[in-house]
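Trainee: I would like to learn how to read disulfides in a protein model. Where do I start?

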Amino acid sequence: MEAKSWAPRRRLFPPGIVLLARISLLSCLVTCSKAKVYSRCELVRVFQDFGLDGYRGYKLADWVCLAYFTSGFNTGAVDHEADGSTNNGIFQINSRKWCKTLASGTSKKCHVHCSDLLNPNLKDTVVCAMKIVQEPQGLGYWEAWRRHCQGKDLSDWVDGCDF
């Protein structure tokens, strides 16, 4: 009978990295399964109900245009940046400054977890976006709004919607 070696196995990844990867995958599966892609008019009504029309001088059409060009109206949209941060939800709110990730552990300006910004009810997302718009650049914080919406006739974004 041969003796088995009881030497510890060499691991490819440290246990902490494996755990973090599993938690990230699990949180993505949980939040991504609840994602919703809104229709244009449905989103107009939701934004109206949250009081975004006229907030800080921006019309509903500005917000709808922003949501389209950042996420395609998809609440579950997540984009990974080269610096390790993520852009989250229908407005693609960045984790560097605004929302807390599992890895960061520190509170950010919106005081929410980034996964909360993927919720289809949009409450946390809208509240966070309202905080961002209070910054000096307003909706100009988003490059997508500056490039596709700012200074343009946006009436088509709300035309034909009952609100």
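Trainee: Is the link of Cys-110 and Cys-128 right-handed or left-handed?

Mentor: This is a predicted model. To find the handedness, look at the angle about the S-S bond. For Cys-110 and Cys-128 that angle is 80°, and the link is right-handed. The two sulfur atoms are 1.9 Å apart, and a pair within 2.5 Å is taken as a disulfide.

Trainee: How many disulfides does the structure hold?

Mentor: It holds four. One of them is formed by Cys-65 and Cys-149, with 2.0 Å between the sulfur atoms.

Trainee: Why is the disulfide of Cys-65 and Cys-149 left-handed?

Mentor: Read the torsion about its S-S bond: the value is about -90°, so this disulfide is left-handed. Cys-65 lies in helix α3 (residues 60-71) and Cys-149 in the segment after α5 (143-148), so the pair ties together parts 84 residues apart in sequence. Both Cys-65 and Cys-149 are buried.

Trainee: What is the torsion about the S-S bond of Cys-99 and Cys-114?

Mentor: It is about 90°, so that disulfide is right-handed. Cys-99 and Cys-114 both sit in the loop between β3 (93-94) and α4 (123-133), 15 residues apart.

Trainee: What is the pairing when the bonded cysteines are numbered in sequence order?

Mentor: The pairing is 1-8, 2-7, 3-5, 4-6.

Terms used
Residues numbered from 1 in each chain as written. Predicted model: local features only at pLDDT ≥ 70, side-chain atom pairs only at ≥ 80, totals over all residues. Heavy atoms only, no water. Helix = DSSP H or I, 4+ residues; strand = E, 2+ residues; numbered from the N terminus. Buried < 20%, exposed > 50% of the residue type's maximum accessible area, 1.4 Å probe, protein only.
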